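Colleague: Hi! Could you walk me through this one?
Modeller: Happy to, let's look at it together.

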Amino acid sequence: MFDILQKDKNSRARAGVIHTSHGTVETPSYAIVGTHAEVRAISPRELLDAKTQLVIANTYHLWRTLGEKLDLFEGLHERMKLPDTVIMTDSGGFQVFSFGFGREHGVGKVLGGEKKKASDNLTRITEEGVFFTNEEGEHFLGPKLSMEIQKKLGADIIFAFDECTSPEHDYAYQKEALGRTHRWANVCLKSHEIPFSYSRELENGKARDEQMLYGIVQGGMFEDLRKESAKYIGALPFDGFGIGGSFGEKKMGEVLGWVIPYLPEEKPRHLLGIGKIEDLFLGVENGIDTFDCVIPTREARHGGAWTAKGRIDLKKNKFKDDGEVIENGCGCETCTAGITRHQLREMYKLKDLRAGTSVTIHNVYFFNTLMGRIREAIQNGNFLEFKDRFLSQMR
Ligand SMILES: [Zn+2]
């Protein structure tokens with residue numbers, strides 16, 4: 001269930017609350033990524049102390065790792081030791097891209113980003129779903145199975161299985177893939193209604209349908225396809241909506257401008273896999289409620305720390321005598337403990353894992369605090385001023 005508390009008068013931004021059986025998320029909010037049901041480098045307590053309200057785990061990877069043990073899986077809340085935190089799972093649709101055309105085209109989902117080396121496409125896409133190839137052979141994931149897996153994983157918010165396309169796909173392919181994504185959306189909705197044989201929630205006497213199912217809008221960078229998708233998916237009885245797929249680096253705002261007007265105002269909207277500071281402001285301005293991205297956690301393990309002035313690379317030489325904390329005035333455990341940039345640089349150099357832990361704590365706190373300030377600005381009616389002020393101080 002979703003409540004909108006305040007709408008911004010000068011943009012599509014809104015502040016709200018998502019209610020689930022494991023707690024609430026104040027929106028706009030940032031989902032911290034725990035791919036294998038674990039947020040790397042930090043403990044559940046550190047994650048919560050860094051103001052985390054929302055976490056996302058990965059259906060495809062958990063399915064492959066757990067194998068037959070999935071039937072005995074205790075549920076994500078228990079596994080992650082986060083009984084009162086809202087958890088999402090994606091559907092596996094992104095892996096259709098990352099193991100498929102993402103490899104073949106040598107691209108990420110944001111066009112204009114880093115170009116990678118092209119390699120083999122490890123997917124085979126059919127009307128029923130997708131065959132993935134790895135060293136064990138071929139395995140199949142489709143909409144029905146994705147729903148079954150996500151029910152067993154037991155997240156509060158789950159996503160429909162879709163085909164995430166490549167930004168380099170042409171119009172004809174995007175249209176064909178969009179048809180599949182729409183047909184799969186119906187399969188997911190239908191599967192979601194069928195009582196499921198295993199459900200921890202059911203055993204505890206709670207209703208299964210407390211899992212919110214989000215439909216996903218695709219359509220690449222084509223205006224008519226994006227609008228068609230938003231109209232179609234937006235009219236289906238989903239509990240919320242994800243905006244997925246490929247974007248041009250400069251086109252995200254435009255794509256959101258096409259899509260959002262067709263999605264029901266009263267339901268929450270998630271922007272899949274996007275989470276740079278500029279993109280958060282742009283997303284919120286266009287009516288996005290939640291985001292997920294590996295930026296805070298992955299970058300922390302490699303020396304990247306976020307501050308109000310932008311990203312700094314703590315491995316760099318210029319920090320070798322820097323006795324300041326990552327960010328003055330920051331309330332995270334790392335900065336309040338007085339751990340300096342110089343000390344962190346030394347730890348990275350010595351491959352001391354505490355560097356990754358310390359900086360993950362800071363980064364997660366930084367992004368969660370930023371979302372809190374965005375919520376506050378929306379509530380105070382000065383979101384756009386806050387956006388301009390915040391972005392102008394970044395390098
Ligand atoms: Zn800090």
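**The zinc site and beyond**

Modeller: This is a predicted model. The site of the zinc ion is tetrahedral, with angles of 105 to 116° among its 4 donor atoms.

Colleague: Nice. Which residues are the protein donors of the zinc ion?

Modeller: Cys-330, Cys-332 and Cys-335 each use SG, and His-362 uses ND1. These donors lie 2.1 to 2.3 Å from the zinc ion.

Colleague: And how are the donor residues spaced in sequence?

Modeller: The spacing is C-x1-C-x2-C-x26-H. Cys-330 and His-362 link distant parts of the chain, 32 residues apart. Cys-330 sits in the loop between strand E18 (310-313) and helix H12 (333-336), while His-362 belongs to helix H14 (residues 354-379).

Colleague: Are Cys-330 and His-362 buried or exposed?

Modeller: Both Cys-330 and His-362 are buried.

Colleague: Back to H14, then. How do the axes of H14 and H15 cross?

Modeller: They cross at roughly 145° and come within 7 Å, with helix H15 covering residues 383-392.

Colleague: Which residues meet there?

Modeller: From H14, Phe-366, Leu-370, Arg-373, Ile-374, Ala-377 and Ile-378 meet Phe-383, Phe-386 and Phe-390 of H15. By class that contact has 8 nonpolar, no polar and 1 charged residues.

Colleague: Changing topic: why does Thr-59 count as buried?

Modeller: Because its relative accessibility is 0%, and the cut-off for buried is under 20%. Thr-59 lies in helix H2 (residues 59-66).

Colleague: What is Thr-59 in contact with, leaving aside neighbours within four places in sequence?

Modeller: Thr-59 touches Thr-89, Asp-90, Ser-91, Gly-92, Ile-149, Gln-150 and Leu-153.

Key:
Residues numbered from 1 in each chain as written. Predicted model: local features only at pLDDT ≥ 70, side-chain atom pairs only at ≥ 80, totals over all residues. Heavy atoms only, no water. Donors = N, O, S within 2.8 Å, 3.2 Å for Na, K, Ca; no water. Tetrahedral: all angles 85-135°; square planar, octahedral: opposite > 155°, others 65-115°. Helix = DSSP H or I, 4+ residues; strand = E, 2+ residues; numbered from the N terminus. Buried < 20%, exposed > 50% of the residue type's maximum accessible area, 1.4 Å probe, protein only. Contact = heavy atoms within 4.5 Å. Axes fitted to C-alpha atoms, helices over the stretch in contact; angles between N-to-C directions. Nonpolar A, V, L, I, M, F, W, Y, C, P; charged D, E, K, R; others polar.
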